[in-house]
Amino acid sequence: MMESIRKNKLAFLSLNILFVLYFLAIFADFIAPYPYDIQHRDAPYHPPTQIHFFDEKGNFHLRPFVYGYKMIDPINKYYEVDYSKKYPIYFFTAGESHYLFGIFKTDKHLFGVKDGKIFLLGSDNLGRDIFSRMLYGARISLSIGLIGVFLSFTIGTVIGGISGYFGGKVDNLIMRFSEILMSFPSFYLMLALRAVFPITLSSTEVFFMIVVILSFIGWAGLARVVRGMVLSIREQEYVLAAKSYGASSLRIILKHIIPNTYSYLLIAATLSIPGYILGESALSLLGLGIQEPYASWGNMLSSAMSYTAVSSYPWILAPGLAIFITILAFNILGDALRDALDPKLRRLIK
Amino acid sequence: MIFYILKRLYQLIPLLIGITFLSFVIIQLAPGDYLDQLRMNPQISEKTLNQMIKIYGLDQPILVQYFKWLINAIKFDLGYSFSYQMPVLDLIKDRILNTLFLSITSGVIAWFLAIPLGIIAALKPNSLIDKFIQLFSFTFMSLPGFFFAFLMLFFAVKTGIFPTGGAYSPNYESMTFFEKIVDRLWHVSLPALVIGIGSLAGLVRLVRSTMIEQLQSEYVLFARAKGLSEREVVLKHALKNALNPFITILGFEIASLLSGSALIEIIINWPGMGMLMLDAVLSQDLYLVMGGLYIGAIMLIIGNLIADILLAKLDPRIRQREVEGALK
């Protein structure tokens, strides 16, 4: 399987992009020049600071630098480059202290400037560095996909497995319920479920609430597919063999039937992670998910809801680009996985 | 056929009850209710509150409340909205029309482009044009709808080609009939493009893969061998056989006409069901939420039914199994 992904250049690239994204998320405190909640009150909606190697006179500098910016118009937050101020970029520089992996206390950051400000992707309405917040936000947006998929797939496979294996009334009941869940308009279901939880929750509670909501919506479709697969696997001879030597139903489901659905599950999981990322973003975008000052790609975009802000400060859309790239990578990877495992799958689903 | 439709309808009714009951329970699960907001208001006396509880039957068990609501809902009496103090049906009528207008326009964009584009791509797999169509579909499948909406808003503000928000201009009332139509279309174009291109991306991919599969089958080879023109082979034979999955999808689309575009509506500020339902859920406006979901569930049933009927009409195999078989 890995072999065929390596052969598919696009899929291999996607896999690498995802590795990089997860790596960035894990080391966010170190890579981000600023903590997610540091506000530069004197620099709201600061435009992205370009990194220069050549100064305004065309002289080359080995150490890259950024120019200082002057606020020209404090009402419309309009800035101009101040060529008289140069701030060289230092690596492994001291900044705000943080706990790497939550254990090691350090004040080192991958890069930063002294005195001036470095906003690779500009700043938001409170003068917070968008690049730094995107790195912290990646932790939420990227992990919600994995945890959500894991939870709903566990529920989905177990319930689908039970439904397909036992059949009869149990099957009927489960299938009817999953039908209802699936035919529910998912956006409204998400809103209604969100209303079940109190509006004010701690940030960890919100995170798990979102996972629970999305998994509750997501398991049904999967359970139906697994059920169908179990129905066909159930009739195979090795299951009969297992039965004849007296294996229990649970053992047969867990040891013999579900492992046969793994390749399908892997593809389906890869292709459904984007749904969870989108679900989180949608909730946070509407102010119902991750709350400020914590960053998620979704809630960072909520300031873009005002079109005057979007038109004057287009860099606030950067988190949307991150969502797009992540989803694209997962889709390409899932597609490649499907192509790689397809022949076996076709036989199984038929 | 009538018997078949009735049978399908009968099978779909439990779904309607299931959806509405589940939503009723979920909304009631939420802590507090709409009256909590009124209780905070010192101007509203205890007596008025008790009166309201009586009128809305909020002191009764959930099951009783649900059945009361259901019996009224069958008669299309959807109750009163707490927050707007007006009948739910009056409140959502305009919104539903706006949402339907948007989703149907975007649906038309998606379907009328997806079928020809998919066929073109399928006729010459891996050609330049096919690759281009595939790239397009993959990009827009991965582009989140809300992000696309933001980008389009940005574009709209910068160029001024599209209006930003609303379903018609402020001076709509003073326009002639023809101007009104143009104005409506102008306002719907931006959200319709966002939603339409989004669903076009998925549809094209599906049309392409189904058509490729059909074009490789033996009856196409036979039709070609018989000397039929390529046009006839593709449009009369392959396309007709490739249609089945799309009719099912069309059914889904009809089902989601009211809810599919909610998030985009909220972002683009389209006065449809999306914003109304968001407010209703958050303020726990029970009957308003239920009303929206009820109409949504009815759309679902209509969508499923239309898909079933079309499938039975177009595919003799299904007709034989489901319709004529049912009579025996």
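## A nonpolar patch on chain B

Patches here are made of residues with over 30% relative accessible area and no salt bridge, with nonpolar side chains joined within 5 Å. Keep in mind as you look around that this is a predicted model. In chain B, one such nonpolar surface patch covers about 530 Å² and is made by B:Ile13, B:Ile17, B:Phe21, B:Leu63, B:Phe67 and B:Ile71.

Two helices of chain B, helix 1 (2-29) and helix 4 (62-74), each supply at least two residues of this patch. Let's take B:Leu63 as an example: this residue lies in helix 4 of chain B. B:Leu63 counts as partly exposed because its relative accessibility is 48%.

## Where chains A and B meet

The size of an interface is often given as the accessible area lost when the parts come together. Between chain B and chain A, the buried area is about 3,600 Å², and carbon and sulfur atoms give 84% of that. On the chain B side 40 residues are in contact, and they touch 40 residues of chain A.

## Polar links and helices at the interface

How many salt bridges are there between chain B and chain A? The count is 1: A:Asp335 pairs with B:Arg205, and their closest N and O atoms are 3.0 Å apart. There are also 3 residue pairs in polar contact between the two chains, counting pairs with both residues at pLDDT 80 or more.

Several helices of chain B each supply at least two residues of the side that touches chain A: helix 1, helix 6 (128-142), helix 7 (145-159), helix 12 (262-268), helix 13 (273-282) and helix 14 (286-314). Helix 7 of chain B gives the largest share of that side, with 8 residues.

Definitions and conventions: Residues numbered from 1 in each chain as written. Chains lettered and ligands numbered in written order. Predicted model: local features only at pLDDT ≥ 70, side-chain atom pairs only at ≥ 80, totals over all residues. Heavy atoms only, no water. Patch = residues over 30% accessible without salt bridge, like charges linked within 9 Å, V, L, I, M, F, W, Y side chains within 5 Å. Areas by Shrake-Rupley, 256 points an atom, 1.4 Å probe, with all protein chains shown as cover. Salt bridge = Lys/Arg side-chain N within 4 Å of Asp/Glu carboxyl O. Helix = DSSP H or I, 4+ residues; strand = E, 2+ residues; numbered from the N terminus. Buried < 20%, exposed > 50% of the residue type's maximum accessible area, 1.4 Å probe, protein only. Contact = heavy atoms within 4.5 Å. Buried area = accessible area lost by both parts, 1.4 Å probe. Polar contact = N/O pair within 3.5 Å; in protein donor to acceptor, adjacent residues only side chain to side chain.
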